[in-house]
Amino acid sequence: MQFLLYKKDYAETENYLNIFAQMIRKTLHYSEKTFMQIKEEIEYLSLYLNMEKLRLKDQFDYTITRSKNTDENWMIPSLLIQPFVENAIKHGVSGLKDRKGNIRITFDYTDSLLCITIEDNGVGMEKRPESAKANSFGVKLSQKRIETFRQLFETDITLELNNLSEKDGKQGTQIKLYMPPYENQNTSLHH
């Protein structure tokens with residue numbers, strides 16, 4: 001914001017402030033809920049990614065897709081995915097010099113499990129500084145939340161971290177979350 005104001009780009013500053021205000025309101029709203037609908041999660045992630053694209057001056061593109069066999073009204077734990085997306089931006093694509101960053105988020109349903117994938121074309125986990133690997137605050141917090149959901153709701157949420165290899169024609173990091181979809185949860189439950 002400071003940079004935009006310094007450049008006297010008031011229209012862009014106003015746009016960024018508008019997106020930021022929406023993000024804060026939605027974060028406060030969803031932080032009080034235990035579950036949120038997939039369509040709400042997609043809307044929230046889109047807002048967050050648009051804000052980050054503005055901040056990073058379009059250093060990356062993103063796509064969010066939901067397969068046809070995934071019901072947008074299914075419930076998932078609220079605010080569970082955003083820390084992984086933040087890591088994909090911060091540690092994966094924000095420092096790329098040789099190519100534009102790309103983040104793909106997919107919601108798919110197979111074998112009675114919902115699979116949420118967050119994939120970036122960044123440097124990958126192997127090339128990150130040691131402090132940015134598994135010690136990420138967002139990842140640790142998400143792992144604790146996953147464990148809490150396992151205990152409170154007797155459900156199995158599995159987290160898978162994959163380093164994409166150039167030999168497979170890809171580069172970057174892939175996060176997969178597997179969980180059963182929830183159809184009718186009381187979304188006003190507090191943590």
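**Figure 1. Strand S7 is largely enclosed by the rest of the structure, since seven of its eight residues are buried.** Buried stands for a relative accessible area under 20%, exposed for over 50%, and partly exposed for what lies in between (1.4 Å probe, protein chains only). The model is predicted: local features need pLDDT of at least 70, and side-chain atom pairs count only at pLDDT 80 or more, while totals for chains, interfaces and linings use all residues. Residues are numbered from 1 along each chain as its sequence is written, and side-chain values use heavy atoms, with hydrogens and water left out. Helices (H or I, at least four residues) and strands (E, at least two) are DSSP runs, numbered from the N terminus. S7 covers residues 172–179 and pairs with S5 (residues 113–120) in the antiparallel sense, over seven bridges. Two strands are taken to pair if DSSP finds at least two bridges between them. Within S7, Thr173 is the bridge partner of Asp120, and Leu177 stands opposite Ile116. S6 also pairs with S7 in the antiparallel sense, again over seven bridges. On that side, Asn163 has Thr173 of S7 as its bridge partner.

**Figure 2. Five strands make an open sheet of mixed pairing, in the order S2-S4-S5-S7-S6.** The edges are taken by S2 (60–66) and S6 (158–164). Each of these two has a single partner strand, so one of its sides has no neighbour in the sheet. From one strand to the next, the twist averages 10°. Helix H3 (residues 38–55) packs on the sheet and touches S2, S4 (101–110) and S5. The direction of H3 makes about 175° with that of S2. Contact means heavy atoms within 4.5 Å. Axes are lines fitted to C-alpha atoms, for helices over the stretch in contact, and angles run from 0 to 180 degrees between N-to-C directions.

**Figure 3. Tyr44 is a residue of helix H3.** Its relative accessibility is 3%, so Tyr44 counts as buried. Not counting residues up to four places away in sequence, Tyr44 touches Met23, Lys26, Thr27, Tyr30, Met36, Leu79 and Gln82. One of these, Lys26, is 18 residues from Tyr44 in sequence, with the two C-alpha atoms 7.2 Å apart in space.

**Figure 4. Arg55 also belongs to helix H3.** Arg55 has a relative accessibility of 41% and therefore counts as partly exposed. Its side chain makes a polar contact with the side chain of Glu52 at 2.9 Å. A polar contact is a pair of N or O atoms within 3.5 Å; within protein, one must be able to donate a hydrogen and the other to accept it, and residues adjacent in sequence count only if both atoms are side-chain atoms. Arg55 and Tyr16 are separated by 39 residues in sequence and by 8.0 Å in space, C-alpha to C-alpha.

**Figure 5. Thr70 sits in the loop between S2 and strand S3 (75–77).** With a relative accessible area of 1%, Thr70 is buried. The Thr70 side chain reaches the backbone oxygen of Phe107 at 3.5 Å.

**Figure 6. Helix H4 (residues 82–93) has 12 residues, and 10 of them are buried, so the helix is largely enclosed by the rest of the structure.** The buried residues are Gln82, Pro83, Phe84, Val85, Asn87, Ala88, Ile89, His91, Gly92 and Val93. At 1.5 Å a residue, H4 should span 16 Å, and the 15 Å between its end C-alpha atoms agrees with this. The expected span of a helix is 1.5 Å times one less than its number of residues.

**Figure 7. Confidence is lowest for helix H1 and highest for strand S2 among the elements of the protein chain.** For the protein chain the mean is 83, and 83% of residues reach 70 or more. Over residues 187–191 pLDDT stays under 50, and the model has 17 contacts for them beyond four places in sequence. Where pLDDT is low, the predicted coordinates should not be read in detail.

Notes:
pLDDT is the predictor's confidence in each residue, from 0 to 100.
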